[in-house]
Each structure stands twice: as C-alpha cells, then as structure tokens.
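Dear colleague,

I am passing on the structure we spoke about, and below it you will find my notes on what turned up. Please read them with the structure open beside you.

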Amino acid sequence: MATEDEGLPAQTGRAVLSLATDVGGVAVLAARLLRRMAPPRLDGPELWRNLHRMGVRSLPIVGVTALFTGGIMVIQAGVLIRRFGAEGLLGWGAGFATLREVGPILIALMFSGRVGANNTAELATMTVTEQIDALETLAIDPLAYLILPRVLAMITMLFVLTIYGDVLALMGAAFMGEALLGVSTATFWNGLLESIRVWDMATGLIKSALFGVVIALSSSHFGLSVSGGAPGVGRAVNASVVASATGIFICDYLATYVLQ
Amino acid sequence: MIEVTNVWKRFAAPVLRDVTLRVPGGCLYGLIGPGAAGKSVLLKCLAGLLRPERGTVQIFGETIGALDEVALQAVRNRIGMLFQNNALFDHLTVAENIAFPLRRRGLTDEAEIAARVADRLRAVSLPGFEERLPGGLSGGQKKRVGVARATVTRADVVLYDEPAAGLDPVTSQKIFDLLRREQQEAGATVVMVSSDIDRLLTVTDRVGMMLDGALIFEGTTAEAQGSLHPVVKQFVHGEVDGPL
Ligand SMILES: Nc1ncnc2c1ncn2[C@@H]1O[C@H](COP(=O)(O)OP(=O)(O)OP(=O)(O)O)[C@@H](O)[C@H]1O
Ligand SMILES: [Mg+2]
C-alpha cells in the first residue's frame, strides 16, 4: 500500500517493481499457455461457449460503435472535402483510416471494456472464492480448462469482430457521405476499392490479432493474480482495463512503425 | 497414509512452523485450534495447493511437492476436499457442481450421475435442489452442497475444512454423523477441521491441536479430552479462564 508520507523515490521504485511483476507475470502466463498448445490440451466445449458469449454477444455494441464512427469521420472530413472538391477521395480516405487504424483500435478498446473486463472480473472472483483451487483439487489444470479457451476465443473473436466492424464503419461512412456531402455510394465504393491495397487491410488485421493477444493475456493475468477479497476484484478489473488500453496503444505504435 | 514432516510455510509472517503430523489409513483425524492458527493453510498444503518452503507432505506414499503434473493429478483423483468457504462453481447448478467430480473421473452415464447427485442431496437433507444456482442458497445450504460435492466420489482421502460451519446444531450433528458413517464404510482417511469441538470430538479417532502455526498436541480423542496441557484443556473444554 502506498502511503502519503512516502518519498517520491520509494513510490517510483514501488511502481516500477509492480510494473515489472505484471509484465513478467503476463510473459510467464503466455509461456505456460504455449506449452499447453503443443500438443493442444484444450477443453472443446469451453472454447465454443466462450466464442459464443464473447463474440456473438458483442455484435450489437461493436456494430453501433462502428456505424457511428464511420459517420462521424465523414462529418469531420466533410468541411475539407467540400472546400477542395475532393469528393472522389472520400472513399479512399475513409477506407484508409478505418482499415488501418480507427477500426482495429476502436473495436479493440470496446472489446477490452466489455469482454476483457468481464474476463478479469470472472477469473478474479473465481480466484478469491477458491474456485480455481477447487478445480485443481479435482485434478483439472485451470490453464487448460479455463484460461486457454478464453484466450483463444478472445483472439479469434476480436479478429472477426474487427472485420465486421470495419465493414459497418465503411457503410456508415458511405451513408453519411451520400446524406451530407452528396457523394454517391457508387463513387464512394469505387474510390475505396481502387485505392485501398490488400496490405492496408492486412495491416489492420495483424494489429487486431496483436490487440487480441494483449487483451486476452492481460485480462487473464490480472484475474488470476488478484488478492484481497472482493475489493481486490474491483482493483483487478481496473488494472486490467488500464493495462489493456496501454498495451493496445504501445502495440499500435510499434506495429504501425514496423508494418508501414 | 498422510505424513507431514517438518513443514514450514510463510506468507508475510510464518504461518506453519515445523509441523509434523501422521494420519494413519482409515483414521478420522480432527484438527482443532483457534482462528488463524494455520489449519486451512495446512489442509491446502496437504492438497498440494500450497507449497511449503521446507518439509515434505506425503500421501499414499507419494511426496506431493516432488510429483510432476500427471502424477499429481493421479493423486488428486483420489482426494476429496471441502473448502472453508465451499468454493462452489457459481456458473453451474447445484446438480452440476456435485456431478463435476464424477464427470472429471470419466463417468458419462447420465442416469447414474443423476442418481448419485440425488442420493448426495438426500444425504445432506437438500432433496430437490438440483436446479438451483449457488448464488441463491443460504450459507448453510451452500456448505451442505459443498459437503455433497466433496463426498460424491468416495475418495480415499477426504479433507474437510469446517464441514458444519453455519449449520444449526441438529443439522450439524447429522452432517458429522453422516461423514463418520461414510468414512467408516469406505475405510477412508479423513482430516477434518472444525470449530464445533464438542460435536467434532464425537466422531474423531485422533485429534491434533494447532496454535500459532505449530502442532502443540497430538493424540487420541480420549487423550485430547483428558489432556492436562493448559492450552489444550482450555480449548477443548471451552473455558474462558486460561492461557489463551
Ligand atoms: N493466501 C494467503 N496470503 C497471506 N496470508 C495468508 C494466506 N492464507 C492464510 N494466510 C494467513 O495465515 C494464517 C493462518 O490462516 P488459516 O486460514 O490457516 O487459519 P485457520 O487456522 O484456518 O483459521 P480459521 O479457523 O479462522 O479458519 C492467517 O494469519 C492468515 O492471515
Ligand atoms: Mg480456516
């Protein structure tokens, strides 16, 4: 516990230590999960259950966010498009921004808030109420039975949701382009399909896979390493969401740099 | 059957201090002691959930800390455990909670599973509770579901942490009698932690008392009741005056 009369060096030291502990914890978790992938030791029904509840149930919120984001991009860009008469570039601009950057990152943040936070809360509750211990005494490996299906489901579903969200965001943009700027949808899609390369789409999807790994590992790590009863669960969820968001932006920065 | 040798375990402070304990096969061993004496931690060391820093825990002649994952799972398949706060899986119904250990041991015959679940629920006086969720149960009901889950596989070694906490005196005695009867029928080795000393001592063969992480007394039930050790005497007889 940080106390107020503690000096700055002590506080800094403590923060660095706890950061190192968490980063190390995530790395160890990743290594232990990888060991369980070859040969795969995975609970099939658990995987399906998680794919369903993490993916299918996220469709509405991701859909709404994506549609509005697409629309908002056009509203913001509208002034410039009008001034320069660059209607033909609308599809290119919206496509480039959505596929490479806005889509993956926004959907990852939504996913982290909905699915990642939920995952941390569930695992943390199971940890403090000794349900994880109970699994172990029943000769079940919690990592194979509980964690691996969740991690795989999160990575898969964020990837799929990103494709779905990209499509909806572009539809939102096309709709707003027509309604606000009078750019016909045909012009919009032509502009988009002519100028966007497969690589632009691939960049976004590679990023979304990375974000999936970040969210899955950090939300599981904070759930499993919780301590201190019910208040600890709240702290774990908080830490997990902050860590996921930070991790997403760091990964985005690095990936954008590498994948140019 | 269960052998604990010079076990040390610490968290922030030492919690187990040089505990040595032997539970013979087929014995119902009562573990008593005041709060925070380290009873639950010792049970978790027995189940291999916590690793002692020093000392060894042997069950069925296997040293728990030295086993690889597969061997440890094989040992755990022969151990049942009730946690102090039950540790029911809250996303599963009562029936699925009780059936869980059976399914994990490869039982797939749904009719047999349902029959054994119903039998367990009758045994703990909760017939017809199959489809309830743990969240909607009272404290004592949860405890009894926990007892049902811990006993459903008839394991060779069963560890109970407070099997009667939060139960009224009548239900409490019924649970102790039930666990004793089934332990004798199965010839199981049982370690039972309970604060309900009077009722606990009606079913135990041997008793150990812990204080501040150390085992300060070990003997038969009669020896515990007749002990002249001031702490044991005070604790067993619930006296207000004394060293505690
Ligand atoms: N996971 C843990 N982290 C830190 N300290 C712990 C942990 N588990 C137990 N302790 C400490 O170990 C000591 C013994 O705890 P334990 O749960 O074994 O007591 P107990 O004898 O079961 O008490 P009670 O009768 O109240 O259940 C306590 O002081 C407790 O604070
Ligand atoms: Mg306890």
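A salt bridge here is a side-chain nitrogen of Lys or Arg within 4 Å of a carboxyl oxygen of Asp or Glu. Please keep in mind that this is a predicted model.

By that criterion, the side chains of A:Glu101 and A:Lys207 form a salt bridge, with N and O 2.9 Å apart. A:Glu101 belongs to helix α4 (residues 90-128) of chain A and A:Lys207 to helix α8 (residues 198-224) of chain A, so this pair ties together parts that are 106 residues apart in sequence. A:Lys207 is buried, with a relative accessible area of 2%, whereas A:Glu101 is partly exposed at 27%.

A search of the whole structure gives 24 salt bridges over all chains. In chain B, one of them joins B:Arg206 and B:Glu218 at 3.2 Å, N to O; B:Arg206 sits in strand β9 (residues 206-211) and B:Glu218 in strand β10 (residues 214-220), twelve residues apart. Another pairs B:Glu110 with B:Arg103, whose closest N and O atoms are 2.9 Å apart. There is also a network of salt bridges that links B:Asp119, B:Arg120, B:Arg154, B:Glu182 and B:Glu185.

Turning to the ligands, the residues that surround ligand 1 include B:Phe11, B:Val15, B:Lys39, B:Ser40 and B:Gln84, and α1(B) gives the most to this shell, with three residues. An N or O atom in the side chain of B:Ser40 is 2.7 Å from an oxygen atom of ligand 1, while a backbone N or O atom of B:Ala36 lies 2.8 Å from an oxygen atom of the ligand. Taken alone, ligand 1 exposes 630 Å², of which the protein buries 57%.

Finally, chain A carries a nonpolar surface patch of about 980 Å², whose members include A:Leu67, A:Ile72, A:Phe159 and A:Trp189. The elements that give two or more residues to the patch are α3 (59-84), α6 (142-181) and α7 (185-195) of chain A, and the largest share, five residues, comes from α6(A). A:Ile72 is placed in helix α3 of chain A and counts as partly exposed at 45% relative accessibility.

With best regards

Definitions and conventions:
Residues are numbered from 1 along each chain as its sequence is written. Chains are lettered from A and ligands numbered from 1 in the order in which they are written. This is a predicted model: local features need pLDDT of at least 70, side-chain atom pairs count only at pLDDT 80 or more; totals for chains, interfaces and linings use all residues. Side-chain values use heavy atoms; hydrogens and water are left out. Patches are made of residues with over 30% relative accessible area and no salt bridge: like charges are joined within 9 Å, nonpolar side chains (Val, Leu, Ile, Met, Phe, Trp, Tyr) within 5 Å. Accessible areas come from the Shrake-Rupley method with a 1.4 Å probe; for residues, only the protein chains shown count as cover. Helices (H or I, at least four residues) and strands (E, at least two) are DSSP runs, numbered from the N terminus. Buried means under 20% relative accessible area, exposed over 50%, partly exposed in between (1.4 Å probe, protein chains only). A residue is near a molecule or strand if one of its heavy atoms lies within 4 Å of it. A polar contact is a pair of N or O atoms within 3.5 Å; within protein, one must be able to donate a hydrogen and the other to accept it, and residues adjacent in sequence count only if both atoms are side-chain atoms.
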